[in-house]
Amino acid sequence: MNKKILIGSMLVFIMLLLMPSIPAIQLKTYENEIHNDFFTRIENIDFNDLKSIIIEGIPDHPILFIWVMFTFYFRLARAELYYDIASDMDEDLNFFIYHPLLLYWSVILIYSAVIKHFFWGDLAEEMEWNWKEFI
């Protein structure tokens with residue numbers, strides 16, 4: 001009895017694998033519709049508009065831009081970490097400094113990050129690198 005059930009279920013499984021889920025006529029019709037739709041869209045594209053969309057959306061010199069932004073945010077994250085380690089504030093808003101050199105270093109990191117951010121922003125604006133909306 002168990003052999004018959006096992007053989008029967010294997011036959012059903014094999015038949016389901018061999019039977020296509022979409023009839024061939026419907027598949028061919030669908031492929032033709034996609035093919036025709038693709039070519040009509042390609043014919044209607046104005047490549048000058050496409051070029052302006054691509055150029056306006058990406059900043060010039062993207063690797064330099066990523067590096068500048070990475071160093072900026074990395075400096076700010078380090079400054080925040082040093083500030084949290086160096087100082088504390090209680091419920092009565094009393095400010096305690098535990099490590100004055102770390103607090104001083106966090107302030108230096110913040111100022112240097114902001115100065116470099118303004119420098120790269122001004123340079124990018126002067127050279128027209130399309131960083132205006134990003135910086």
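This report describes a few residues, ring pairs and a surface patch in the structure above.

The model is predicted, and local features need pLDDT of at least 70, side-chain atom pairs count only at pLDDT 80 or more, while totals for chains, interfaces and linings use all residues. Residues are numbered from 1 along each chain as its sequence is written, and side-chain values use heavy atoms, with hydrogens and water left out.

Helices (H or I, at least four residues) and strands (E, at least two) are DSSP runs, numbered from the N terminus. Ser 87 belongs to strand 1, which covers residues 87-89. Is Ser 87 buried or exposed? Buried means under 20% relative accessible area, exposed over 50%, and partly exposed in between, with a 1.4 Å probe and protein chains only. Ser 87 counts as buried because its relative accessibility is 7%. Leaving aside residues up to four places away in sequence, Ser 87 touches Phe 95, Phe 96, Ile 97, Tyr 98 and Leu 103, where contact means heavy atoms within 4.5 Å. A polar atom of the Ser 87 side chain also lies 2.9 Å from the backbone oxygen of Tyr 83.

**Aromatic pairs**

Rings of Phe, Tyr and Trp (its six-membered ring) pair if their centres lie within 6.5 Å; planes under 30 degrees apart count as stacked, over 60 as edge-to-face and the rest as tilted. By this rule there are 7 aromatic pairs. One of them joins Phe 72 and Tyr 73 edge-to-face, with 5.1 Å from centre to centre and 70 degrees between the planes. Phe 72 itself is buried, as its relative accessible area is 13%. Why is the pair of Tyr 83 and Phe 95 stacked? The ring centres of Tyr 83 and Phe 95 are 6.3 Å apart and the planes are at 25 degrees, so the pair counts as stacked. This pair links distant parts of the chain, since Tyr 83 is in helix 4 (residues 62-86) and Phe 95 is in strand 2 (residues 95-97), 12 residues apart. Elsewhere, ring pairs link Phe 65, Trp 129 and Trp 131 into a cluster.

**A nonpolar patch**

Tyr 83, Met 89, Leu 93, Phe 95 and Ile 97 form a nonpolar patch on the surface, with about 500 Å² of accessible area together. The relative accessibility of some members is listed here.

| Residue | Relative accessibility | Class |
|---|---|---|
| Tyr 83 | 36% | partly exposed |
| Met 89 | 45% | partly exposed |
| Leu 93 | 65% | exposed |
| Phe 95 | 37% | partly exposed |

Met 89 has its place in strand 1, whereas Leu 93 is found in the loop between strand 1 and strand 2.

**Positive phi angles**

Most residues other than glycine have a negative phi. Leu 93, although not a glycine, has a positive phi of about 60 degrees. His 61 is not a glycine either, and has a positive phi of about 55 degrees. His 61 sits in the loop between helix 3 (47-57) and helix 4, and counts as partly exposed because its relative accessibility is 43%.

**Ile 110 in helix 5**

Ile 110 lies in helix 5, which covers residues 100-127, and its relative accessibility of 38% makes it partly exposed. Which residues does Ile 110 touch, not counting residues up to four places away in sequence? Ile 110 touches Leu 76 and Ala 79. The C-alpha atoms of Ile 110 and Tyr 73 are separated by 9.9 Å, although the two residues are 37 residues apart along the chain.

How values were computed: A polar contact is a pair of N or O atoms within 3.5 Å; within protein, one must be able to donate a hydrogen and the other to accept it, and residues adjacent in sequence count only if both atoms are side-chain atoms. Patches are made of residues with over 30% relative accessible area and no salt bridge: like charges are joined within 9 Å, nonpolar side chains (Val, Leu, Ile, Met, Phe, Trp, Tyr) within 5 Å. Accessible areas come from the Shrake-Rupley method with a 1.4 Å probe; for residues, only the protein chains shown count as cover. A salt bridge is a side-chain nitrogen of Lys or Arg within 4 Å of a carboxyl oxygen of Asp or Glu.
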